[in-house]
Each structure stands twice: as C-alpha cells, then as structure tokens.
Amino acid sequence: QVQLVESGGGLVQPGGSLRLSCAASGSIFSVDTMGWYRQAPGMEREMVAVAYKGGARVYADSVRGRFRVSRDNSLNTVYLQMNSLKLEDTAVYYCNMEVRPTGASSSTYWGQGTQVTVSS
C-alpha cells in the first residue's frame, strides 16, 4: 500500500512564503513524475507544478517565477517552495505521484490535501 503524506500548509499574509512537502511511503519500486495540484472553492483542480524524473519542470503560468518544485528521489519526496504568495493562491494543495509499487504496475497516487490560505 502506497501512501502520500503532505505537510507544510497554513495561513500566510500576501507576499509571504510557505514550503510544502509530500513523502511517499510503502513498498515502492520507483517513482516517475511528482507534482502539485490545487483546488480552490468552487473551482476545478488545476496543475501547479510537475517535476519529471529526467529533470524537466513544468509550471502553471499563474505561479511561474514565484513557485519552485523540487524532488528528493532518495526520500521519495517532492517539495513546493511558494514565494510572493497572493490571495488567489488560496486553495487546498494536493501532491500527486506516478508510483510503481514493488511487484505491481505504475499507478497515480494523491495526497490527502493541505490547506494554504493567503490572507491579510
């Protein structure tokens, strides 16, 4: 059983910073893509940033230049450094990984979500 556990959300003022972490645990053979998505109230879930195993990084236009995604393959962990936060960044943030469990084929896994609230 693979689980993704997120941490690091909270309340921050506009212009502030937060760092999210997401660690995968269980019987893991390999992890391909790691990324972050978010969902604001009344909105659909949207991609924020994706870190590919080969090194490429993809960002949503709304966060490019402010957010940075990174990964630690030895820890099966993905991070999202969020700087210059804006009110519109308020959402529940979910991590997402393409994981191949030991002895099984790859599947997509989601974290439980962590609330990020930007408010003055």
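**View 1. Overall fold of the protein chain.** From the N terminus on, the elements of the protein chain run β-β-β-β-β-β-β-β-β-β-β, which comes to zero helices and eleven strands; helices (H or I, at least four residues) and strands (E, at least two) are DSSP runs, numbered from the N terminus. The model is predicted, so that local features need pLDDT of at least 70 and side-chain atom pairs count only at pLDDT 80 or more, while totals for chains, interfaces and linings use all residues. Residues are numbered from 1 along each chain as its sequence is written, and side-chain values use heavy atoms, with hydrogens and water left out. Buried residues (under 20% relative accessible area, with exposed meaning over 50% and partly exposed in between, for a 1.4 Å probe and protein chains only) make up 42% of the 120 residues. The C-alpha atoms fill a box of roughly 50 × 25 × 25 Å along the principal axes.

View 2. E6 is placed in strand β1, which covers residues 3–7. E6 is buried yet has no salt bridge, and R45, the nearest side chain of opposite charge, is 7.8 Å away; here Lys and Arg count as positive and Asp and Glu as negative, whereas His and the chain ends are not counted. A polar atom of the E6 side chain lies 3.3 Å from the backbone nitrogen of G113, and the E6 side chain also reaches the backbone nitrogen of T114 at 3.1 Å. Leaving aside neighbours within four places in sequence, the residues in contact with E6 (heavy atoms within 4.5 Å) include C22, W36, Y93 and C95.

View 3. The structure holds four salt bridges, each defined as a side-chain nitrogen of Lys or Arg within 4 Å of a carboxyl oxygen of Asp or Glu. In one of them the side chains of R38 and E46 meet at 2.7 Å, N to O; R38 is buried at 6% relative accessible area, whereas E46 is partly exposed at 36%. The side chains of R66 and D89 meet in another salt bridge, again at 2.7 Å, N to O. That pair links distant parts of the chain, 23 residues apart, with R66 in the loop between β6 (57–59) and β7 (67–72) and D89 in the loop between β8 (77–82) and β9 (91–101). Both R66 and D89 are buried, and salt bridges that share partners join R38, E46, R66 and D89 into one network.

**View 4. The D61 and R64 pair.** D61 forms a salt bridge with R64, the closest N and O atoms being 2.7 Å apart. D61 counts as exposed at 65% relative accessibility, while R64 counts as partly exposed at 48%.

Note on methods: Polar contact = N/O pair within 3.5 Å; in protein donor to acceptor, adjacent residues only side chain to side chain.
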